[in-house]
Amino acid sequence: MIRLGTDDVDLARAAALLEQGLLVAVPTETVYGLAADAGNVDAVRRIFVAKGRPADHPLIVHLPGIDALDDWAVEIPEAARRLAGRFWPGPLTLVLKKKAGVSETLTGGQSTVGLRVPGHPVTLKLLERFGRAIAAPSANRFGHISPTTADHVVDEFHGEETVAAIIDGGPCTVGVESTIIDLSGEFPRVLRPGMIGAEQLAEVLGATPDTAGRDEGPRASGRLASHYAPKTPLLLVSADGLIRPRPDAAVLALAGTVDPGGFACWRVLPDDPVAYARGLYAALRELDALDAGCILVQRPPETLSWAAVVDRLRRAAA
Ligand code: TXA
Ligand code: MG
């Protein structure tokens, strides 16, 4: 895997690799993605192989701009255009009815397709240069924690021949995967919570969208109960669960909670959902690498602004 920078020469190299049907890991504002030419079925298949991802888990297509919506979807509701207009480029994926020519390899056999314009300047430039859409799931092996730095991607895929390059665009600023909203049915439904929350969506939609239950609706790997999981067993605990020291446990605490000492590690993330989300996956990877007996994560508040973080922590704990 070659490591590329973000200048024009390196982006041209990345575009050429995509053109050849190879995989290139790219930075996005949410997490790093493992990209392939979305119009090349063989290249798209390589993503599934490299990740060890089941064939029925659809990929998100990253578009160069809002104008490309109509190349991929049909029967696009007005609400979808309004959401795209408000939040793209940005961490929102729209699930829409797919256009006839869109490959079912890409959509995991479904009649819908997930679409977004990523809000990362480097990948937007790459998309502009490449001129077409790229399919990109999070750049981790299936079921692992999503990567938020180039080093995380290297840890996941070193030695994997089909992953030709990684573009190092620095740490991701959002830190958890995009909000996914399904607009292919009668009512909008949030399939995966993200940092664009229900309140922001409601401002555009005029009503709060439904939230999909865990096991209903289209298959979405990000919705499997056990996902985003470290190898070390992870438990969600209250502040009271962190009063008694445990030398076998690594702790991820909220800022402001007192470290009584006596834990294998005491790592702190800010008591603010935006900053917490940004640091979450890197912290989980660090704690996982300690090979502690367990990871104790202090449960964040159950308020709306923490919804995406709480969702990921619950899955990591499952
Ligand atoms: O922030 C993100 O969305 C990142 C970056 C790289 O863009 N991508 C990402 O991709 O998280 P992935 O493949 O790890 O998760 C995509 C999720 C999966 O849960 C998938 O099942 C769901 O999107 N998805 C994609 N297309 C879908 C569809 N047509 N219907 C329902 N779910 C869909
Ligand atoms: Mg993923």
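Domain bounds, as used in these legends, come from an automatic or database domain assignment. The structure is a predicted model, in which local features need pLDDT of at least 70 and side-chain atom pairs count only at pLDDT 80 or more, while totals for chains, interfaces and linings use all residues. Residues are numbered from 1 along each chain as its sequence is written, chains are lettered from A and ligands numbered from 1 in the order in which they are written, and side-chain values use heavy atoms, with hydrogens and water left out.

**Figure 1. The two domains of the chain.** The assignment divides the chain into domain 1 (2-211) and domain 2 (234-317). Their C-alpha centres lie 28 Å apart. Where the domains meet, 20 residues of domain 1 are in contact with 14 residues of domain 2; contact means heavy atoms within 4.5 Å.

**Figure 2. Helix α5 and its buried side.** Helices (H or I, at least four residues) and strands (E, at least two) are DSSP runs, numbered from the N terminus. Residues are called buried under 20% relative accessible area, exposed over 50%, and partly exposed in between (1.4 Å probe, protein chains only). In helix α5 (residues 121-130), Val 122, Thr 123, Leu 126, Leu 127 and Phe 130 are the buried residues. These residues lie on the same side of α5 because they cover an arc of only 135° around the axis, the arc being that of the directions from the helix axis to the C-beta atoms. Exposed residues Pro 121 and Glu 128 are carried on the face turned away from the buried side. The buried residues pack against α1 (8-19), β2 (23-26), β3 (33-37), β4 (60-62), β7 (134-135) and β8 (163-167). Just after the helix, Gly 131 takes a positive phi of about 85°.

Figure 3. Strand β13 (residues 249-254) is largely enclosed by the rest of the structure, because six of its six residues are buried. On one side are Ala 249, Val 251 and Ala 253, and on the other Ala 250, Leu 252 and Leu 254, so that both faces are covered. Strands are taken to pair if DSSP finds at least two bridges between them. β13 and β15 run parallel and are joined by four bridges, with Leu 252 having Val 297 of β15 as its bridge partner. Strand β14 (residues 265-269) also pairs with β13 in the parallel sense, over five bridges; here the bridge partner of Ala 250 is Cys 265.

Figure 4. Eight of the eleven residues of α9 are buried, so the helix is largely enclosed by the rest of the structure. The buried residues are Ala 308, Val 309, Val 310, Asp 311, Arg 312, Leu 313, Arg 315 and Ala 316. Among the elements that cover them are β10 (189-192), β12 (234-237), α8 (273-288) and β15.

**Figure 5. Salt bridges across the chain.** Side chains of opposite charge can pair when their charged atoms come close. A salt bridge is a side-chain nitrogen of Lys or Arg within 4 Å of a carboxyl oxygen of Asp or Glu, and the whole structure holds 19 of them. Asp 168 is joined to Arg 3, with the closest N and O atoms 3.3 Å apart. This pair links distant parts of the chain, with Asp 168 in the loop between β8 and β9 (179-182) and Arg 3 in strand β1 (residues 2-4), 165 residues apart. Asp 168 is partly exposed at 31% relative accessibility, and Arg 3 is partly exposed at 44%. Glu 29 and Arg 116 form another salt bridge (2.8 Å, N to O). Glu 29 belongs to the loop between β2 and β3 and Arg 116 to strand β6 (residues 112-116), 87 residues apart. Glu 29 is buried, at 4% relative accessibility, and Arg 116 is buried, at 2%. A network of salt bridges links Glu 177, Asp 311, Arg 312 and Arg 315.

**Figure 6. Nonpolar cores.** In soluble globular proteins, nonpolar side chains tend to be buried together. A nonpolar core is a set of buried Ala, Val, Leu, Ile, Met, Phe, Trp, Tyr and Cys residues joined through side-chain atoms within 4.5 Å. The largest such core has 49 residues, of which Leu 83, Leu 94 and Leu 115 touch the most other members. Apart from this core lies another, of 26 residues, including Val 31, Leu 269, Tyr 281 and Leu 313.
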